[in-house]
Amino acid sequence: MGKEIKTNAMRKLDSMKIPYEKHEYASEQALSGSEVAAVLGQDPKQVFKTLVTAGKSGQHYVFMVPVEEELDLKKAALAVGEKSVAMVKSKELLPLTGYIHGGCSPIGMKKFFTTIVHSTAENFDTILFSGGRIGLQVELSLDSLKKVIPLTLSDIIQKS
C-alpha cells in the first residue's frame with residue numbers, strides 16, 4: 001500500500017486532533033452530490049455540498065446545504081448581510097480556495113471565509129461533506145466542525 005494522500009482538510013482535522021470518518025468512492029461512480037450519497041449508502045439529507053459565493057461587496061462566503069437542495073441566493077445574502085450573492089465560477093474556485101469544483105471542502109481553504117451551514121445539519125449526529133478532493137467525503141459532528149471553522153446555522157435553501 002502506498003502512503004495515504006492527505007488533503008488540506010484532513011491535515012487540519014489531524015493537527016487539531018478532531019476525529020472524523022473518511023468515506024472514499026471512485027470518482028467515476030458519482031458526479032452529483034445525490035449520487036455520492038447513494039454510492040456511500042448515506043441519507044442525502046445528511047450529505048452536504050460546499051458552495052462558494054461572492055457578495056455584492058466583493059467578500060466571499062461559503063454555504064453548506066444538503067446535496068439534494070438548492071441554495072436560495074436571497075436567503076443566503078440575508079444570512080451574511082449582503083444585498084446579493086452569486087455563485088463563484090468554477091475556474092475561480094481553485095485560485096480562491098485551493099480546491100476544485102466537486103472537491104471543495106469548507107475546511108482547509110487558502111483563507112477562511114464566513115461559513116453558513118443549513119440549519120437541518122442540527123438534526124444529525126454527524127454530517128458528511130467533501131474531504132478536499134473528488135472521491136473523498138469526511139464525516140464528523142457539527143460540534144467538531146465548529147471547532148475547526150466558525151460557522152452559523154441558517155435556513156438557506158429554496159422551498160420546493
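**Sheet, cores and pocket of a predicted model**

Thr 53 is in contact with Gln 59, His 60, Tyr 61, Phe 63, Leu 71, Val 85, Ala 86, Met 87 and Val 88, leaving aside its neighbours within four places in sequence. The structure described here is a predicted model. Thr 53 is found in strand 2. Its relative accessible area is 0%, so Thr 53 counts as buried, the limit for that term being under 20%.

Five strands form an open sheet in the order 4-2-3-5-8, and their pairing is mixed. Strand 4 (85-87) and strand 8 (151-154) stand at the edges; each has a single partner strand, so one side of each is left without a neighbour in the sheet. From one strand to the next, the twist averages 35°. Within this arrangement, strand 3 and strand 5 (residues 114-118) run parallel and are joined by four bridges. Val 62 has Thr 115 of strand 5 as its bridge partner. Helix 3 (residues 73-80) packs on the sheet, where it touches strand 3, strand 4, strand 5 and strand 8. The direction of helix 3 makes about 125° with that of strand 4. In a regular strand, side chains alternate between the two faces of the sheet.

A further pair of strands deserves attention. Strand 6 and strand 7 run antiparallel, with four bridges joining them. One of the residues involved is Ser 130, whose bridge partner in strand 7 is Gln 137.

Which residues touch the most other members of the largest nonpolar core? Of the 30 residues in this core, they are Val 52, Ile 127, Phe 129, Leu 140 and Leu 145. At least two core residues are supplied by each of helix 1 (8-15), strand 2 (48-55), strand 3 (60-66), helix 4 (90-97), strand 6 (127-130), strand 7 (136-140) and helix 5 (142-148). Leu 145 touches Met 64, Ile 107, Ile 127, Phe 129, Leu 140 and Leu 151, residues up to four places away in sequence not being counted. Another core, of twelve residues, lies apart from the largest one; among its members are Phe 63, Val 65, Ala 77 and Ile 156.

Helix 1 also holds Ala 9. Is Ala 9 buried or exposed? With a relative accessible area of 0%, Ala 9 is buried. Not counting residues up to four places away in sequence, Ala 9 touches Tyr 99, Ser 105, Ile 107 and Gly 131. The C-alpha atoms of Ala 9 and Pro 106 are separated by 7.9 Å, although the two residues are 97 residues apart along the chain.

The largest pocket has a volume of about 520 Å³. It is lined by 23 residues, of which Lys 49, Thr 50, His 101, Gly 102 and Gly 103 are the closest to its centre. Helix 2 (33-39) and strand 2 are the elements that give two or more residues to the lining. Strand 2 provides the largest share, five residues.

Notes:
Residues numbered from 1 in each chain as written. Predicted model: local features only at pLDDT ≥ 70, side-chain atom pairs only at ≥ 80, totals over all residues. Heavy atoms only, no water. Core = buried A, V, L, I, M, F, W, Y, C linked by side-chain atoms within 4.5 Å. Buried < 20%, exposed > 50% of the residue type's maximum accessible area, 1.4 Å probe, protein only. Contact = heavy atoms within 4.5 Å. Pairing = 2+ DSSP bridges. Axes fitted to C-alpha atoms, helices over the stretch in contact; angles between N-to-C directions. 1 Å grid on protein atoms, 1.4 Å probe; cavity = no way out; pocket = protein on both sides within 12 Å on 5 of 7 lines; lining within 4 Å. Points joined across faces, edges and corners; volume = space filled by probe spheres on them.
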